[in-house]
Amino acid sequence: MEQFKAIISVLWILLLNRNEECSAEEVVLLNSKESQAELGWTSYPSNGWEEISGVDEKYKPIRTYQVCNVMEPSQNNWLQTGWIWRQGGQRIFIELQFTLRDCNSIPGVSGSCKETFNLLYAESDWDLGRVTREDRYSKIDTIAADESFTQGDLGERKMKLNTEVREIGHLNRKGFHLAFQDVGACVALVSVRVYYKRCLSTVQNLAVFPDTVAEAAFSTLVEVRGSCVNNSEVDTDSPPRMHCSAEGEWLVPIGKCSCSAGYEEGHSSCEEMAQ
């Protein structure tokens with residue numbers, strides 16, 4: 001219990017010392033909404049997930065996938081994305097936007113109708129191709145809708161769009177595939193966005209801190225040493241350091257640089273003194 005309290009205290013101190021001027025950057029690895037051509041993901045069996053053209057909530061043309069084999073029992077429909085290069089990202093976020101039909105609103109539907117689907121991933125150093133092997137995949141989560149739509153919503157053309165975010169971490173391969181497994185739902189996958197976070201390059205206490213990829217573990221901080229700006233010198237007793245959090249935010253600035261003789265501090269720089 002005491003150790004748990006100590007951890008909480010440390011995290012609270014880090015939050016109090018957050019540098020609010022330095023925000024996280026999302027490095028996008030995949031955004032299906034940005035594709036104007038066919039996505040061409042692997043779907044099997046052939047009567048499962050189907051790629052169609054649609055529009056998003058702003059009526060922008062997009063490519064989506066849908067499946068609705070709710071009248072037939074024992075469904076196992078798979079959809080596999082192309083290979084996603086993680087670019088050094090350690091903690092990968094997966095944002096899904098989707099609509100899902102309320103089983104009770106479908107006339108004559110069988111008792112096997114579902115209102116969830118599964119999200120999975122498979123790590124690899126190269127593209128696994130179009131042959132999807134289920135045993136390669138690890139389950140991330142079962143995805144459920146906060147709001148499901150009914151026949152009435154269809155008549156009124158209401159899009160009850162759900163957004164869910166999941167994450168994977170501690171990846172060891174160069175990239176991965178995502179997969180979506182349908183076991184008997186009526187669902188449309190409107191968009192898939194995959195990204196990681198990093199701390200943006202910034203200047204603090206006359207020191208430059210470069211772009212830094214956030215670590216996978218929530219409580220892990222990456223210590224980064226800063227480089228003094230032009231016409232400044234490091235304080236040898238306290239060299240400049242900051243810490244990049246797992247959320248991609250700079251925390252706990254320590255140490256500093258000082259302007260060299262004949263220079264004075266300006267806006268994040270050292271400027272020559274007026275004669």
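The chain holds two helices and 23 strands, where helices (H or I, at least four residues) and strands (E, at least two) are DSSP runs numbered from the N terminus. This is a predicted model, in which local features need pLDDT of at least 70 and side-chain atom pairs count only at pLDDT 80 or more, while totals for chains, interfaces and linings use all residues. Residues are numbered from 1 along each chain as its sequence is written, and side-chain values use heavy atoms, with hydrogens and water left out.

Of the 275 residues of the chain, 42% count as buried; buried means under 20% relative accessible area, exposed means over 50%, and partly exposed lies in between, as computed with a 1.4 Å probe on protein chains only. Among the contacts between residues at least 6 apart in sequence, 71% join residues at least 24 apart, a contact being heavy atoms within 4.5 Å.

One part of the chain to follow in the model is an open sheet of three strands, with the order β16-β19-β20 and antiparallel pairing; two strands are taken to pair if DSSP finds at least two bridges between them. Its edge strands are β16 (222–225) and β20 (250–254), each of which pairs on one side only. From one strand to the next the twist averages 25°, with axes as lines fitted to C-alpha atoms, for helices over the stretch in contact, and angles running from 0 to 180 degrees between N-to-C directions. Strands of a sheet pair through backbone hydrogen bonds, either parallel or antiparallel. Here β19 (residues 241–244) and β20 pair in the antiparallel sense over three bridges, and Cys244 stands opposite Trp250 in β20. These two strands, β19 and β20, form a hairpin with five residues between them, and Gly248 in the turn has a positive phi of about 80°. Further along, Val252 lies in strand β20 and has a phi near 50°, a positive value in a residue other than glycine. Val252 counts as buried because its relative accessibility is 18%.

A second residue with this kind of backbone angle is Gln87, which has a positive phi of about 55° although it is not a glycine. Gln87 lies in the loop between β6 and β7 (91–100), and with a relative accessible area of 34% it is partly exposed. Another backbone feature belongs to Tyr44 and Pro45, which are joined by a cis peptide bond with omega about -5°; Pro45 has its place in the loop between β2 (42–44) and β3 (50–55).

Thr81, in the loop between β5 (77–80) and β6 (84–85), counts as buried because its relative accessibility is 2%. Not counting residues up to four places away in sequence, Thr81 touches Trp41, His177, Leu178 and Phe180. Ala145 lies in the loop between β9 (138–144) and α2 (151–155) and is partly exposed, with a relative accessible area of 22%. Leaving aside neighbours within four places in sequence, Ala145 is in contact with Phe98, Leu100, Glu115 and Asn162. The C-alpha atoms of Ala145 and Thr99 are separated by 7.5 Å, although these residues are 46 apart along the chain.

Rolling a probe the size of a water molecule over the atoms shows where empty space is left. On a 1 Å grid over the protein atoms alone, a cavity is a set of points where a 1.4 Å probe fits but cannot get out, and lining residues have an atom within 4 Å of a point. Grid points are joined across faces, edges and corners, and a volume is the space filled by probe spheres set on the points. By this rule the count comes to one cavity of 30 Å³ or more, and the largest cavity has a volume of about 30 Å³. Its lining consists of Ser32, Leu39, Trp41, Arg63, Thr64, Tyr65, Leu189, Val190, Ser191 and Val192. The elements that give two or more residues to this lining are β4 (61–68) and β12 (186–199), and β12 gives the most, with four residues. By class, the lining has six nonpolar, three polar and one charged residues, where Ala, Val, Leu, Ile, Met, Phe, Trp, Tyr, Cys and Pro count as nonpolar, Asp, Glu, Lys and Arg as charged, and the others, Gly among them, as polar. Trp41, one of the lining residues, is also among the residues that Thr81 touches.

Conventions
On a 1 Å grid over the protein atoms alone, a cavity is a set of points where a 1.4 Å probe fits but cannot get out, and a pocket is an open set with protein on both sides within 12 Å along at least five of seven lines; lining residues have an atom within 4 Å of a point.
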